[in-house]
Amino acid sequence: MIRSPLAALLLLLATSMAAAASPKAGEIPPQLLGKDRKGDMVDLSTQHGKVVIVTFWASWCGPCRKELPILAKLQSVIGHDALQVYAVNFKEPRADFAALVRNRNWPVLDYIHDGKGTVSEQYGIQAIPHMFIIGHDGVIAHVHRGYSEDSLPQIIDEIMAMLPEDVRTRPAGDRS
């Protein structure tokens, strides 16, 4: 009799400690990313019609620190009308996060602080960097996990291929 309650308790603990499965290509990701730096809730459902990148990063992650400036430049060149990049900070103290993103030399992006890991858990994040590239229809097109800076050209090619032709070919001054 002791075995079955003990076994049930162990099973309950094991399942409650397991992280959510990471969304895969072809799936719709969790829609709420938390609050942006202005305090507004970020809801991916409001971004349909754009290519959306959700990347999880931390200041101690070397590949993340290489990726963020590239994504910021891509966001700047393409414009918010066709591309939206969200950089979700992975479980760092708020003061450390705030100091980084306020630094004038830090890449300009839409940052979200996930200090308690709530969003990271919903996305099944266990390693960073971890990027989700979401298509115009709100469905995940590509997932990259634990990649190096050598992977960035391929990732940029994937993003560019998802943009409409008129966005890829318009003059740089026409971005909004």
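## Briefing on a predicted α/β chain model

Contacts (heavy atoms within 4.5 Å) between residues 24 or more positions apart account for 69% of those in the protein chain with a separation of 6 or more. The model is predicted, with local features needing pLDDT of at least 70 and side-chain atom pairs counting only at pLDDT 80 or more, whereas totals for chains, interfaces and linings use all residues. Residues are numbered from 1 along each chain as its sequence is written, and side-chain values use heavy atoms, leaving out hydrogens and water. The secondary structure comes to six helices and seven strands, these being DSSP runs numbered from the N terminus (helices: H or I, at least four residues; strands: E, at least two).

- Along the sequence, the elements of the protein chain follow the pattern α-β-β-β-α-β-α-β-α-β-β-α-α.
- Of the 176 residues, 43% count as buried, where buried means under 20% relative accessible area, exposed over 50%, and partly exposed in between (1.4 Å probe, protein chains only).
- Phe-56, leaving aside neighbours within four places in sequence, is in contact with residues including Cys-64, Val-88, Tyr-123, Ile-128 and Phe-132.

**Helix H2**

- Helix H2 (residues 62-78) has 17 residues and spans 25 Å from its first C-alpha to its last, close to the 24 Å expected at 1.5 Å a residue, the expected span being 1.5 Å times one less than the number of residues.
- Its buried residues are Cys-64, Glu-67, Leu-68, Leu-71, Ala-72, Leu-74, Gln-75 and Ile-78.
- The face of H2 turned away from the buried side carries the exposed residues Lys-73 and Ser-76, and just after the helix Gly-79 takes a positive phi of about 100°.

**Strand S4 and Leu-83**

- All eight residues of S4 are buried: Leu-83, Val-85, Ala-87 and Asn-89 point one way, and Gln-84, Tyr-86, Val-88 and Phe-90 the other way.
- S3 and S4 pair in the parallel sense over seven bridges, and Val-52 has Gln-84 in S4 as its bridge partner; pairing requires that DSSP finds at least two bridges between two strands.
- Leu-83, which is in strand S4, counts as buried because its relative accessibility is 0%.
- Not counting residues up to four places away in sequence, Leu-83 touches Lys-50, Val-51, Ile-53, Leu-74, Gln-75, Ile-78 and Ile-159.
- The C-alpha atoms of Leu-83 and Leu-163 are separated by 8.1 Å, although these residues are 80 residues apart along the chain.

**Hairpin of S1 and S2**

- Strand S1 (residues 32-35) and strand S2 (residues 41-43) run antiparallel and are joined by three bridges, with Leu-32 standing opposite Asp-43 in S2.
- The hairpin has five residues between the strands, and Gly-39 takes a positive phi near 95° in it.
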